[in-house]
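This briefing covers the charged pairs, the residues around them and the nonpolar core of one protein. Please read it alongside the sequence and the structure shown here.

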Amino acid sequence: MVKVKTQYFKNGSVVSEVENDLPMQEARDEREFNLTVTDVLVIPDRFEQLSSSEQTELKAIRQKWRDIPQDANNQDENIVFPKIPSWLKAKFPELNEYE
């Protein structure tokens with residue numbers, strides 16, 4: 001089991017965190033699922049339709065998801081899952097987050 005933290009941001013700063021226990025493989029599966037679901041948005045013609053702030057948030061959250069395996073090399077590490085922005089959750093309600 002690993003500790004999974006969901007971070008809540010406001011104006012670029014973490015305002016709170018919630019922790020849950022999760023098996024490492026499940027954490028990796030959730031990360032893969034979220035990256036796969038959002039892949040469609042990084043196709044150039046779709047990406048250009050996003051606002052500048054949405055592009056920035058999408059790049060940041062996808063990078064955080066990609067970094068999860070490196071951030072938790074063993075099962076004693078904590079994993080930080082970023083809070084999914086509301087605009088992204090509205091487009092893809094099936095995205096997984098931990099609260």
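In this predicted model, the side chains of Glu32 and Arg31 meet in a salt bridge, with a distance of 2.2 Å from N to O. The structure holds two salt bridges, and the other topics below are the pair formed by Arg62 and Asp39, the largest nonpolar core and the placement of Val80.

**Salt bridge of Glu32 and Arg31**

- Glu32 is partly exposed, because its relative accessible area of 40% falls between the limits of 20% and 50%.
- Arg31, its partner in the salt bridge, has a relative accessible area of 12% and is therefore buried, the limit being under 20%.
- Side chains of opposite charge can pair when their charged atoms come close.

**Salt bridge of Arg62 and Asp39**

- The side chains of Arg62 and Asp39 also meet in a salt bridge, here at 3.0 Å from N to O.
- Arg62 lies in helix H3 and Asp39 in the loop between helix H1 (24–38) and helix H2 (44–47), so the pair ties together parts that are 23 residues apart in sequence.
- Arg62 counts as buried at 9% relative accessibility, whereas Asp39, at 36%, counts as partly exposed.

**Surroundings of Arg62**

- Helix H3, in which Arg62 has its place, spans residues 52–71.
- Besides its salt bridge with Asp39, the side chain of Arg62 reaches the backbone oxygen of Leu35 at a distance of 3.0 Å.
- When residues up to four places away in sequence are not counted, Arg62 touches Leu35, Thr38, Asp39 and Val42.

**Nonpolar core**

- The largest nonpolar core has 18 residues, and of these Leu58, Trp65, Leu88 and Leu95 touch the most other members.
- At least two residues of this core are supplied by each of H1, H3, S3 and helix H4 (86–91).
- Leu95, with residues up to four places away in sequence left out, touches Phe33, Asn34, Val37, Thr38, Trp65, Ile84, Leu88 and Lys89; among these, Trp65 and Leu88 are themselves named with Leu95 as core members that touch the most others.

**Val80 and strand S3**

- Val80 is found in strand S3, which covers residues 78–82, and at 32% relative accessibility Val80 counts as partly exposed.
- The C-alpha atoms of Val80 and Trp65 are separated by 8.8 Å, while the two residues are 15 residues apart along the chain.

Key. Residues are numbered from 1 along each chain as its sequence is written. This is a predicted model: local features need pLDDT of at least 70, side-chain atom pairs count only at pLDDT 80 or more; totals for chains, interfaces and linings use all residues. Side-chain values use heavy atoms; hydrogens and water are left out. Helices (H or I, at least four residues) and strands (E, at least two) are DSSP runs, numbered from the N terminus. A polar contact is a pair of N or O atoms within 3.5 Å; within protein, one must be able to donate a hydrogen and the other to accept it, and residues adjacent in sequence count only if both atoms are side-chain atoms. Contact means heavy atoms within 4.5 Å. Buried means under 20% relative accessible area, exposed over 50%, partly exposed in between (1.4 Å probe, protein chains only). A salt bridge is a side-chain nitrogen of Lys or Arg within 4 Å of a carboxyl oxygen of Asp or Glu. A nonpolar core is a set of buried Ala, Val, Leu, Ile, Met, Phe, Trp, Tyr and Cys residues joined through side-chain atoms within 4.5 Å.
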